[in-house]
Amino acid sequence: MKQIITHVDPDLDAIVSAWIAQDFLFQENESEVLFVSRKVPKRLMLHADCVVDVGNTYSPENYRFDHKPPAFQNRNSTCATRLIWEYLIDIGVDVAHLEPLVQITYQGDTHRNSEALKQSRIDGPHAELVRLKTEHKETTEVYRQMVLWLRSYSKNL
Ligand SMILES: [Mn+2]
């Protein structure tokens, strides 16, 4: 089983980037997502198959996708979801249709504002994540449900 690492109490950027890794970088049912401390244990940083939105490292060829310093001087210049999405576009994976999701995830992660982000907080992915977090205590269950939701949502993008 390949291991994808992201941070505990995942925000939308952590969840969407981990989901993109599971569904588009790796093959179906080949990977699992682990939620770890923001100070990632060195062993995991070295040996995990993919690290998203944590770890302060950007190294796409090694599947490390974080946007926080020192990976990027300004953490708000991009986000983990955008980094993995751009990498997949670069290597020719068919993910162009996810662009609106990448955009609102980026805007939400970096405190930007837009009509699309407002709408997402009403009935889009941001709203769904808040709803699932109030409904389920277990992060793995929140993530599992959010993945089901994202699969269906992304089919209509
Ligand atoms: Mn982020």
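Predicted model: local features only at pLDDT ≥ 70, side-chain atom pairs only at ≥ 80, totals over all residues.
**Aromatic pairs**

A search of the whole structure finds 7 aromatic pairs, and two of them are set out in the table below.

| Pair | Centre distance | Plane angle | Class |
|---|---|---|---|
| Phe35 and Tyr143 | 5.7 Å | 65 degrees | edge-to-face |
| Tyr63 and Tyr87 | 6.0 Å | 65 degrees | edge-to-face |

Because planes over 60 degrees apart count as edge-to-face, the pair of Phe35 and Tyr143, with its planes at 65 degrees, falls in that class. Phe35 belongs to strand β2 (residues 31-36) and Tyr143 to helix α7 (residues 139-155), so that the pair links parts of the chain 108 residues apart, and both residues are buried.

Elsewhere, a charged side chain meets an aromatic ring: Arg82 lies over the face of Tyr106, at 4.2 Å from the ring centre.

**Histidine 7**

His7 is located in strand β1 (residues 2-7) and is buried, its relative accessible area being 0%. The side chain of His7 takes part in a polar contact of 3.2 Å with the side chain of Arg38 and in another, of 2.9 Å, with the side chain of Asp53. Leaving out residues up to four places away in sequence, the residues that His7 touches include Ala14, Val36 and Val54, and also Phe35, the ring partner of Tyr143.

In soluble globular proteins, nonpolar side chains tend to be buried together. The largest nonpolar core of this model has 31 residues, and those with the most contacts inside it are Ile4, Trp19, Leu25, Cys50, Phe65, Ile84 and Tyr143. Among the elements that give two or more residues to this core are β2, β3 (50-52), α4 (99-109) and α6 (125-135), but it is α1 that gives the most, with 8 residues. Ile84, when its neighbours within four places in sequence are set aside, is in contact with Ser17, Ile20, Ala21, Leu25, Val52 and Phe65. A second, separate core of 8 residues includes Val36, Leu44, Ala48 and Val51.

Technical notes:
Residues numbered from 1 in each chain as written. Heavy atoms only, no water. Phe/Tyr/Trp six-rings, centres within 6.5 Å; stacked < 30°, edge-to-face > 60°. Helix = DSSP H or I, 4+ residues; strand = E, 2+ residues; numbered from the N terminus. Buried < 20%, exposed > 50% of the residue type's maximum accessible area, 1.4 Å probe, protein only. Lys NZ or Arg CZ within 6 Å of the ring centre and 35° of its normal. Polar contact = N/O pair within 3.5 Å; in protein donor to acceptor, adjacent residues only side chain to side chain. Contact = heavy atoms within 4.5 Å. Core = buried A, V, L, I, M, F, W, Y, C linked by side-chain atoms within 4.5 Å.
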